[in-house]
Amino acid sequence: MSLAVAGRIARRELRGGIRGFRVFLACLALGVAAIAAVGSVRESIRVGLEREGSVILGGDAELELTYRFAEPEELAWMAETASAMTEVVDFRSMAVFGAGDSAERGLTQVKAVDDAYPLLGVARLQPDMDLGVALDGRDGLPGAVMDPVLISRLGIATGETFRLGEQDFVLTAALMREPDSATGGFTLGPRTIVRTDDLAESGLIQPGTLFETEYKLLLPEDTDLDALKIAAGKVFTGAHWRDRRNGSPGVARFVDRLGSFLVLVGLAGLAVGGVGVSAAVRAYLDEKTEVIATLKTLGAESRTIFQTYFIQIGVLTLVGLALGLVLGAALPIVFAPLIEARLPVPTEIALHPRPLAEAALYGALAALIFTIWPLARTEDVRAATLFRGGAGQSRSLPRAVWITVTLLLLGALVAAAALFSGLVDLTVYSALGLCAAFVVLVLAAALVRRLARRAARASALRGRSALRLALGSVGGPGGEALSVILSLGLGLAVLAAVGQIDANLRGAIARDLPDIAPSFFMVDIQPDQMEDFAARLAADPAIEKVESAPMLRGIVTEINGRPAEEVAGDHWVLHGDRGVTYSDLKPDNAVLTEGEWWPADFNGDPEISFAAEEAAELGLKLGDRITVNILGRDITATITSLRVVDFSTAGIGFVMSMNPTAVAGAPHTFISTVYADSDAEGAILRYISNAYPNVTAIRVKDAIERVSELLAGIAAAITYGALATLVTGGIVLIGAAAAGVRARTYEAAILKTIGASRRTILVSFALRSAFLGAAAGLVAIIAGGLAGWGVMRFVMDADFAFEPVSAFAIVVGGVLATLLAGLAFAWGPLAARPAGILRSRE
Amino acid sequence: MTDTILSLSDARLSLDGNAGRVEILKGITLDIVRGETVGMVGPSGSGKSSLLMLMGGLERATGGQVRALGHDLTALGEDALARFRREHMGVVFQSFHLIPTMTALENVATPLELAGKADAFERAAEELKAMGLTSRMDHYPAQMSGGEQQRVALARAFAPRPDILLADEPTGNLDTTTGQTIMDLLFGLRDRHGATLVLVTHAPELAERCDRVIRLEDGQLVPETALKAEAAE
């Protein structure tokens, strides 16, 4: 009964239009749109990766072997199973263009292929030609195609020759798109494609060299992939299986994580928008105080009143959600060509219902959370308000039931976000962080008001009318302090946190790491080259230190006889193959935390020394038995010691070290780290690559640069997300400034009446805005700094240093934003004539 | 020799309303001398408040001339008018019009500060003390009763010792007893400080406390002869 009445009253009330709800709608729509758009793009990539799974993989299934080719029986099994097959060899090398001192050298990720490549998709080349023709070469030299990045780095043009190892190639085309690029472009060296046969004389593929062979298979349509995977496991040892259902697990995981993280940033935007939503509903209901009192005089119960306005706000929420969903769904479609061009992965941009439903759910819950309290205030309006005034005088907190409802809704929102993002810990920490930021900002607003009130009364400010007026209004009742500091502060805090984390991460990698990291990693040094190589480097006065170790690669397959992943789950040590070394004697710099190193010339059952931290994470202890597959052979070793391995210095660090006889006979190479003066790096690179064409020198500075670029990209994506939050904050700010026009016009009229000039009034308005902006900025950098410290300390396990430049920019940004919003709405109050204003209030 | 402090000559005021242009004041000619108290009466909508606003420079005449202390208010700009009020005028409204974000003390001190008085707060405190508001100095307008707010407004108007005090129905929003107290305070202050007072009121007994009563009807002054005849009857 009461609901029907409430519905009728609500309908009549809505006749007044949605004036005053523009900020409400904009905040809700923008928050929902940002989440819907990010979710849609993430879904588009997921669907795209799924659809293009075979093309990305280069076949229906792939078997990857670590530095070995398939044995005859393995080849026979593949030939029997697949309708077509191609063999791809993938390794790192140095491309050398020119000769002598003027030669240019560049690290490249070589893909050596056969004539069947590619089974699916096409390689797009410039000039446009068939890959087979391009690799045929010309003038008796084999052909190669190269990523344009490497072409420009080497300064080479098509038709010119370059060297890989000891083999010359003619560059026939630029590789614009690689058909099967499961890495999504995230590799240290840009791609070069050649034929495997043409590498025979290069000296690059030798026993022990670090290379991978990928056998890509096209399968009959009705193949049971799961059954085939099991069958392959029986034929192959140490092979890594992938199939079209998840052609690019690394990229898919990365996109999913980044997308989910951006959705969480979007939720921060929705929280900021919530401040605007709440303020709009509060202002609307304040205006309705007399209507509510009248309705109560006429016999309406509190429940009916609540329902009346709940229905109104509900209708407006639906409008806001619809606007947001349309915008969020349309944006990726409109910008599809731009998005597709920027992303290195296939996308299927279309209308995806799942992310839209997710965004709608977040929007609806946020709207409820932020409107329940203002709606509950309608209960406090008494009929007597009509006769003796008292509008807006209500309890600061609503009844316990509404607090409980709000907390339940908040719990539902966090649970939904955790469920959809799959990042439970991050969601919970983000939610706690946001709630903490809210509390901090509310407390900060109260503190700012108190300080402003105190300062306004300070004798030092007497006579400075504009300043005192500004402080007085910041500190006085009904000020905008809370909504401005909340909305702007939250947006700026997110931006400050991103700025601090980004600066610290980049600082750690680009600034601190080069000081402690080696200049080069030299890999693929053949054992017979090692003596000469070491002597040559030792003779170079520019080289401070060289550390070398033998290196094999192996996959941890079992722990104590059980499949490794079953025992230790999804740990990085178990992802793919890991470096393994051996040493007869305990290296001088090795620090054992438990157990003992095997005796010299130990010849017993295989023993292994494991990295202590990783062992703890995997749940390993002394005496556990680990099976490592090296070159197709399973070696089971007992953990007899644990040692400290510090990966943060980028020096040589092996998770596993075995006694030499355990891996006796396995072909292997050496890895060296070379610490040298940075001025001498060019010369070292030259003489090493001239003397040992098969050795690949990875310049650490280049690798750091590549990682920094990747980090910059991620930081940019997150900054865009944070900017969406800030735009919402801007709308709330404008809303607050617009809502304050009436009060300011009145204030200006009184001030003019008692003799204030327009300049004094304008300066006072500007100072007021600037104070609030500066306060929001200051609180934001404190909150952002704390969040940054938490992430660096507990998530990244790294040191934190406060970064002042972005912090300063944020305070200045806060001041400018409030100043602009405040001044944009100052002209009306300044221009209004006092008589009309004052009389309208009589 | 009489010292004219306020002088209106054929002052007119027209405003654009929803129903077109409305002539509110239709040629007012009036002189008020220094120290005089003038009561302004008339029915609602007759233009009393508008005339007061013209005198205070809060409204700009659309015709004729308004002079105060020898200055032509119609020729002064917005800020010059503000400075003029700061130095020479105090205004009291029916709805008090205190600045809601300022305490009582700050409200009273503000015009003194604007006038560059170094002891603005001390003087403001004295004014409030004289009004019996010592305990309310740190209260915001919303925390005070109507009578208290109007007393603060009176203190604010008198604090700079204005030459002219304009009061627009200062008791209109108050009960009779409180209104009486306010009027006693208003006349007491005027007597003490010797300001010229122009008082708009609906209450004949208040108007009678003034040296002279002028009556407005339909935007025009009723001639004094007519008023005297009315009084004689």
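Me: Before counting elements, what are helices and strands here?
Reply: Helices (H or I, at least four residues) and strands (E, at least two) are DSSP runs, numbered from the N terminus. Chain A has 27 helices and 21 strands.

Me: What sort of model is this, and how are residues and chains labelled?
Reply: This is a predicted model, in which local features need pLDDT of at least 70, side-chain atom pairs count only at pLDDT 80 or more, and totals for chains, interfaces and linings use all residues. Residues are numbered from 1 along each chain as its sequence is written, while chains are lettered from A and ligands numbered from 1 in the order in which they are written.

Me: What are the ipTM and pTM?
Reply: ipTM is 0.74 and pTM is 0.69.

Me: Which residues of α5(B) are buried?
Reply: Among them are B:Leu154, B:Ala155 and B:Phe158. Buried means 20 or more other C-beta atoms within 10 Å of the residue's own, exposed means 12 or fewer, and partly exposed is in between, with C-beta atoms placed from the backbone. Because 11 of the 13 residues of α5(B) are buried, the helix is largely enclosed by the rest of the structure.

Me: What do they pack against?
Reply: In chain B, β6 (89-92), α3 (104-114), α4 (120-130), β7 (164-168) and α6 (176-193).

Me: Switching to the contact, how many residues does each chain give?
Reply: Chain A gives 27 residues and chain B gives 31 residues, with contact meaning C-beta atoms, placed from the backbone, within 7 Å.

Me: Which elements of chain A supply at least two residues each?
Reply: On the side of chain A that touches chain B, they are α16 (465-475), α23 (741-753), α24 (758-795) and α27 (834-840).

Key. Two residues are in contact if their C-beta atoms, placed from the backbone, lie within 7 Å.
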